[in-house]
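Please keep the sequence and the model in view while reading.

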Amino acid sequence: KKKTDEINKPASGTGAKVIAARPNVTTVQNEDGSIEERTGTSSWRNNNPGNMKYGPFARAHGAIGQSSGGFAVFPDMQTGEAARKTLIFDSPKYRGRTLSEAIEKYAPSKDNNNPVWYFNTVVQSVGGQNKRMSDYTPEEQQAILDSMKRVEGFKPGKINIISAPTTPSPTASNVEDKTPRERTQQQTKPS
């Protein structure tokens, strides 16, 4: 059995990390030292709109730890989206598969998914075209990602600020320039 510190070791280059995870709650210490308790659907609270499992791929693409359900937790939604897009459209495990084959691998029935329903829902977003993942246009890729996000149950939740920042953020970006309250408001806006 792995120790929690090893499992939730952040990706290289980020100071954010998961410090606690229990059903329906993920607690994250951000790079600036602030601590947030996130509640809501797993895909939202973990900044993981596809509910990717935590593992070497997720870690290499920015995951900062894992939730109680074994899903990767990303520092922000942009990182989680980029990791998912890379996995299903560019990685050797998926790029040569058709959409139906990719869905079967991504959401297998052994994990309590219904891959037939999942596929039928997602394929509608691209006009019924069951092509190889690498053959979809950027617009079709986005339609697939958006549909998968809905299938995965993405719904904004709430962020409870446990403690305020302790250090200034070393980098400036659109998200990091905002207070935790502003980040919550930005993340809960419908997309």
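## Helix H7 and its cover

The buried residues of helix H7 are covered by parts of the protein that include helix H4 (77-90), helix H5 (99-106) and helix H6 (115-123). The model is a predicted one, in which local features need pLDDT of at least 70, side-chain atom pairs count only at pLDDT 80 or more, and totals for chains, interfaces and linings use all residues. Residues are numbered from 1 along each chain as its sequence is written, and side-chain values use heavy atoms, with hydrogens and water left out. Helices (H or I, at least four residues) and strands (E, at least two) are DSSP runs, numbered from the N terminus.

H7 itself spans residues 138-151, and its 14 residues reach 20 Å from the first C-alpha to the last, close to the 20 Å expected at 1.5 Å a residue, where the expected span is 1.5 Å times one less than the number of residues. Its buried residues are Glu-140, Gln-141, Ile-144, Leu-145, Ser-147, Met-148, Lys-149 and Val-151; here buried means under 20% relative accessible area, exposed over 50%, and partly exposed in between (1.4 Å probe, protein chains only). After H7 comes Gly-153, with a positive phi near 85 degrees.

Within H7, Ser-147 is buried at a relative accessible area of 3%. Apart from neighbours within four places in sequence, Ser-147 is in contact with Thr-121, Val-122 and Ser-125, contact meaning heavy atoms within 4.5 Å. Ser-147 and Tyr-118 are separated by 29 residues in sequence and by 9.4 Å from C-alpha to C-alpha.

In H6, the buried residues are Pro-115, Tyr-118, Phe-119, Val-122 and Val-123. They line one face of the helix, because they fall within an arc of 115 degrees when H6 is seen down its axis, the arc being that of the directions from the helix axis to the C-beta atoms. The cover over these residues includes H5 and H7.

## Nonpolar cores

A nonpolar core is a set of buried Ala, Val, Leu, Ile, Met, Phe, Trp, Tyr and Cys residues joined through side-chain atoms within 4.5 Å. The largest has 27 residues, of which Ile-88, Leu-99, Tyr-106, Tyr-118, Val-122 and Ile-144 touch the most other members. To this core H4, H5, H6 and H7 each supply at least two residues. A second, separate core consists of 5 residues, including Ala-16, Val-18, Val-28 and Ile-64.

Beyond its neighbours within four places in sequence, Tyr-106 has contacts that include Asn-51, Ile-88, Tyr-118 and Met-148.

## Two asparagines with positive phi

Most residues other than glycine have a negative phi. Asn-24 has a positive phi near 70 degrees and lies in the loop between strand S1 (17-22) and strand S2 (25-29), where, at 53% relative accessibility, Asn-24 counts as exposed. Asn-51, with a positive phi of about 50 degrees, is found in the loop between helix H2 (42-45) and helix H3 (56-60), but Asn-51 is buried, with a relative accessible area of 11%.

## The chain as a whole

The protein has 8 helices and 6 strands, which follow the pattern α-β-β-β-α-α-β-β-α-α-α-α-β-α along the sequence. Of its 191 residues, 42% count as buried. Among contacts with a separation of 6 or more, 57% join residues 24 or more positions apart.
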